[in-house]
Amino acid sequence: MDELKLYTYIAVFGSFALYFAIAWWARAGSTSDFYVAGGGVTPIQNGMAIGADWMSAASFISMAGLIAFLGYGGSVFLMGWTGGYVLLATLLAPYMRKHGKFTVPEFISDRYYSKTARIVAVICLIIASLTYIIGQMKGVGVAFSRFLEVDYGLGLGIGMMVVWVYAVLGGMKGITYTQIAQYCVLIFAYTIPAVFISLQLTGNPIPQLGLGSTLADGSGVYLLDKLDSVVTDLGFKEYTTDNLGGTLNMFAYTMSLMIGTAGLPHVIMRFFTVPSVKAARSSAGYALVFIALLYTVAPAVGAMARYNLINTIEPTAGQHMDYSERPQWFKDWEKTGLLQFEDKNNDGKVQYSADPKTNEMVKVDRDIMVLANPAIANLPNWVIALVAAGGLAAALSTAAGLLLAISSSVSHDLMKGVLTPDMSEKNELLAGRIVMTLSILVAGYLGLHPPGFAAGTVALAFGLAASSIFPALMMGIFSKKMSGKAAVAGMCSGIGITMLYVFQHKGIMFIPGTSFLGDMGENWFFGISPNAFGAVGALVNFAVAFIVCKLTGDAPKEIQQLVENFRIPKGAGAAHNH
Amino acid sequence: METQNSYWAENLRLILICLAIWFVSSFGFGLLLVEPLNEIRLGGYKLGFWFAQQGSIYVFVALVFWYSSQMNKLDKKYNVEES
């Protein structure tokens with residue numbers, strides 16, 4: 001066994017052992033432990049747990065790679081996935097915590113005095129969460145197969161086992177404390193290589209400052225200026241101004257991600273775990289601090305990875321790398337098929353450019369940038385091993401949070417709330433664990449046989465949350481008179497128009513050939529891409545709900561009193577169930 | 001009831017201030033005004049680019065803590081804190 005593999009085994013299995021130990025120490029005894037960790041998590045702990053819950057394989061592995069190739073256009077992810085927390089902290093979290101229930105559909109059902117509303121919310125939640133989990137499971141499989149060189153299916157199986165043990169045993173309590181550990185692992189694994197690379201390139205160890213510094217090669221040129229000139233020389237658009245489909249599209253995209261973030265149930269339900277309304281407000285702040293630690297480093301990682309990649313292939317303008325002298329990481333990633341070279345002009349050298357006719361780097365998968373980054377920069381093997389453990393921590397922590405959101409909405413909202421209301425607490429706890437086990441099996445199956453539409457569904461998950469759940473919650477808090485009928489009409493039309501827009505451009509259920517307008521820029525409504533349409537869906541939701549409410553009458557007096565009640569913190573108890 | 005209404009009105013005013021700053025720092029400086037701001041430099045960063053990839057995130061963090069502390073004061077003022 002070589003050194004890298006040994007280090008990787010130590011990092012990965014060492015971190016797994018830590019998660020198991022924590023899960024055993026924090027196992028759940030009651031439904032309150034299982035759903036909301038007994039309501040006793042401090043704001044800083046909760047902030048870290050939300051950070052790990054929120055930052056998935058997509059944040060850890062994919063985002064910096066996307067930024068590396070999109071440049072300024074990648075800002076939509078940075079602003080979109082952080083700005084949502086301002087909305088959460090000011091518009092939703094404190095009031096939902098005051099109301100003090102276990103799940104998001106339960107809040108909707110109380111506020112809108114309607115079982116239909118609860119069921120609609122459960123459906124949105126399950127679709128959004130399951131599509132997310134598929135991505136996490138794929139991430140686990142890929143990380144195992146690349147770093148430990150085990151079979152993809154076996155890697156997936158090991159990942160499923162690990163999540164099963166601590167999620168089913170510990171419920172929200174076990175998951176919360178494990179996520180705190182996972183946050184530490186993932187942030188350490190993300191920043192260490194970034195610090196090394198920033199130091200190498202600019203002499204500044206802080207990546208956020210390094211990105212704005214001059215290169216350490218003595219030229220006195222700023223890194224970003226150099227990157228701009230290097231990419232434009234190859235025929236790409238300028239790094240710092242390349243925008244993603246125009247200003248309006250970037251605007252709608254950012255807005256969709258922000259309100260989608262604030263409407264994702266697995267994030268909102270974390271605010272039920274803190275002891276008070278005051279703590280709900282500050283945990284949103286701590287969560288954002290812990291998320292910002294990664295999100296402000298990511299643009300530096302992206303820009304530096306792009307620079308290092310180009311610099312390896314073409315060290316000085318016009319002087320290209322010999323294919324026979326390519327470095328080890330190049331060979332490793334070629335084996336996975338995610339990096340492909342084709343010697344079009346048969347000169348034995350590697351030419352990389354924006355022109356598809358002369359470009360010989362025929363495939364550079366964006367997802368490999370973070371994982372390959374330490375190797376491209378010649379960092380020591382233990383750093384590479386750490387990145388493997390960090391990627392797994394990110395994927396596992398998010399999968400666990402999503403599984404909890406699904407199992408609680410099925411066992412608590414569907415079974416206890418609608419189908420069998422007289423179920424005892426002990427049976428509900430058992431049902432929660434069984435549903436979670438089934439969800440892990442479904443997620444594992446889908447991870448092993450990813451449906452063709454897996455990639456497209458992430459857009460749908462955000463679109464759903466943005467166009468259905470967020471407006472319903474916000475109106476429920478800020479408009480006392482908003483009625484149940486109006487909310488259901490709003491949710492259905494918001495989701496409806498978003499799905500219609502995504503399907504008409506991407507195909508019904510993402511089946512190619514069934515798209516009736518074609519995925520062409522000129523058919524986009526004002527140039528808004530399907531991924532960015534959730535913001536429009538949310539507007540439709542608000543408008544429809546207000547019109548229906550005007551036509552069919554206001555919510556009853558006792559509901560208006562309920563809203564009055566959760567607007568003030570006074571009298572908040574532990575998250576309870578009655 | 002009277003005090004509760006003015007508590008809510010003050011809360012709404014705070015929320016509006018927060019959302020205005022939230023909007024200006026991200027959608028304003030990072031997107032709509034990015035080109036004129038890019039004429040100004042912050043070290044190696046163009047200022048508009050900096051707001052889009054760094055500055056807006058720092059503003060968000062500060063905003064959430066500021067709102068939280070202002071609301072704690074408001075809770076005390078109107079005596080609606082949790083016991």
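Modeller: A word on records before we start: positions from UniProt follow the numbering used here, with feature names shortened, and an annotation may be inferred rather than shown by experiment. The model is predicted, so local features need pLDDT of at least 70 and side-chain atom pairs pLDDT 80 or more, while totals for chains, interfaces and linings use all residues. Residues count from 1 along each chain as its sequence is written, and chains are lettered from A and ligands numbered from 1 in the order in which they are written.

Colleague: What does UniProt list for residues 5-81 of chain B?

Modeller: The unreviewed entry gives "domain: Sodium symporter small subunit" for that stretch. In the model, residues 5-81 of chain B are 82% helix and 5% strand, with the end C-alpha atoms 15 Å apart. Helices here are DSSP runs of H or I with at least four residues, strands are runs of E with at least two, and both are numbered from the N terminus.

Colleague: Where in chain B does UniProt place the "transmembrane region" feature, and how much of residues 47-67 is helix?

Modeller: The unreviewed entry places the feature at residues 12-35 and 47-67 of chain B. Residues 47-67 of chain B are 100% helix, and their end C-alpha atoms lie 26 Å apart. Residues 12-35 of chain B are 96% helix, with ends 33 Å apart. Chain B as a whole has 3 helices and 2 strands, in the order α-α-β-β-α from the N terminus.

Colleague: How does the radius of gyration of chain B compare with that of a compact globule?

Modeller: The radius is taken over C-alpha atoms, and the globule rule is 2.2 Å times the number of residues to the power 0.38. For 83 residues the rule gives a value near 12 Å, but chain B has 17 Å. The box around its C-alpha atoms is roughly 50 × 20 × 15 Å along the principal axes.

Colleague: Why does A:Tyr183 count as buried?

Modeller: A residue is buried with 20 or more other C-beta atoms within 10 Å of its own, exposed with 12 or fewer, and partly exposed in between, the C-beta atoms being placed from the backbone. A:Tyr183 has 27 such neighbours, so it is buried. A:Tyr183 sits in helix 8 of chain A. In chain B, 40% of the 83 residues are buried.

Colleague: Which residues does A:Tyr183 contact, leaving aside neighbours within four places in sequence?

Modeller: A:Met48, A:Gly51, A:Ala52 and A:Phe290. Contact requires backbone-placed C-beta atoms within 7 Å.

Colleague: Why does the span of helix 11 of chain A agree with expectation?

Modeller: The expected span is 1.5 Å times one less than the number of residues. Helix 11 of chain A has 17 residues and should span 24 Å; its end C-alpha atoms are 24 Å apart, so the two agree. Of those 17 residues, 14 are buried.

Colleague: What makes up the side of chain A that touches chain B, by class?

Modeller: In all, 43 residues of chain A contact 37 residues of chain B. Helix 13 of chain A gives the most to that side, with 10 residues. The classes are 21 nonpolar, 16 polar and 6 charged. Nonpolar covers Ala, Val, Leu, Ile, Met, Phe, Trp, Tyr, Cys and Pro; charged covers Asp, Glu, Lys and Arg; the others, Gly among them, are polar.

Notes: Contact = placed C-beta atoms within 7 Å.
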